[in-house]
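Here is a short note for a colleague opening this structure for the first time. Please read the points with the model in view.

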Amino acid sequence: MTILLFILAGSVAQLVDGALGMGFGLTSSTLLVTLGASAVVTSAAVHVAEIGTTLASGISHWRRDNVDKRILMWLAIPGGIGAFSGATFLASLSLESGKVFISTILLVLGFLLLYRNIFLGQGTLFPNAQVNSRYIRFLGLTGGFVDAAGGGGWGPVVTPTLLVTTQTEPQKVIGTVSAAEFIVALSASLGFGLQLSRLDVDWDVILGLAIGGILMAPVAAL
């Protein structure tokens, strides 16, 4: 019965994430922290589950031509480096400090999303700006670190930023960010894997989130 709840949670989280370019990690991490899981176990479980969900989501968006290949490369590699660094940082914290840190990150991201949607709307801040590779790489590095260290945040950091600072089509932004997240999830999982001996990971949680996310990925891309 428990695994069915996590399949449902993974389905809902992926439906939001695949359609809006954000939300799987944020939704799943908030659920696990609320249920009492430690910060490092929460982030590790979510990112291992995301290996499957982001791969399915990326393929689905790629087939629907929702991916900008140039921006994908600029985002994915720095994002992976940032995610590995964030995972290593979070694993080095004490259990109590980690829980406070991840809860704070999740709260701040939530307020930022509310602020962006209420006050900025869907407009572009720099309508005549050209896509800058250094800017995109820095954004990927930052988003990857926040994502792994905070248990979620790749989409909430990267997707709204690209939407309001570039002229890239919304479906291209969402598809590209979703596809790049596979590298971010894989890199974060490798970082946590080095600390696997000290993590008490519930594999039912990972399996449930992954199954639900993979099943919903094609629907979300559509």
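1. Start at Ser-11, which has its place in helix H1. Helices (DSSP runs of H or I, at least four residues) and strands (runs of E, at least two) are numbered from the N terminus. Ser-11 counts as buried because its relative accessibility is 12%. Buried means under 20% relative accessible area, exposed over 50%, and partly exposed in between, with a 1.4 Å probe and protein chains only.

2. A word on the source. This is a predicted model, in which local features need pLDDT of at least 70 and side-chain atom pairs count only at pLDDT 80 or more, while totals for chains, interfaces and linings use all residues. Residues are numbered from 1 along each chain as its sequence is written, and side-chain values use heavy atoms, leaving out hydrogens and water.

3. What does Ser-11 touch, leaving aside neighbours within four places in sequence? Ser-11 is in contact (heavy atoms within 4.5 Å) with Gly-212, Gly-213 and Met-216. Phe-24 is 13 residues from Ser-11 in sequence, and their C-alpha atoms are 9.2 Å apart in space.

4. Now take H1 as a whole. Buried residues in H1 include Phe-6, Ala-9, Gln-14 and Asp-17. Their cover includes helix H2 (24–34), H3, H8 and helix H9 (203–221).

5. Step back to the chain. It has nine helices and zero strands. Of its 222 residues, 51% are buried. Take contacts between residues at least 6 apart in sequence: 83% of them join residues at least 24 apart.

6. The largest nonpolar core has 30 residues. Such a core is a set of buried Ala, Val, Leu, Ile, Met, Phe, Trp, Tyr and Cys residues joined through side-chain atoms within 4.5 Å. Leu-75, Trp-154, Val-158, Leu-162, Val-177 and Phe-192 touch the most other members. Two or more residues each come from helix H3 (39–63), helix H4 (69–92), helix H6 (133–150), helix H7 (154–165) and helix H8 (170–193). H4 gives the most to this core, nine residues. Another core lies apart from it, with 12 residues, among them Phe-6, Ala-9, Leu-32 and Val-46.

7. Residues up to four places away in sequence are not counted here. Leu-162 touches Leu-75, Ile-136, Leu-139, Val-173 and Val-177. Leu-162 is also one of the residues lining the second largest cavity.

8. How many cavities of 30 Å³ or more does a search of the whole structure find? There are two. A cavity is a set of points on a 1 Å grid over the protein atoms alone where a 1.4 Å probe fits but cannot get out, and lining residues have an atom within 4 Å of a point. Points join across faces, edges and corners, and volume is the space filled by probe spheres set on them. The second largest cavity holds about 30 Å³. Its lining includes Asp-68, Ile-71, Lys-172 and Thr-176. H8 gives the most to this lining, with three residues.

9. Finish with Glu-181, in helix H8. Is it buried or exposed? Glu-181 counts as buried because its relative accessibility is 4%. Not counting residues up to four places away in sequence, Glu-181 touches Asp-17, Glu-50, Thr-54 and Trp-154.

Technical notes
On a 1 Å grid over the protein atoms alone, a cavity is a set of points where a 1.4 Å probe fits but cannot get out, and a pocket is an open set with protein on both sides within 12 Å along at least five of seven lines; lining residues have an atom within 4 Å of a point.
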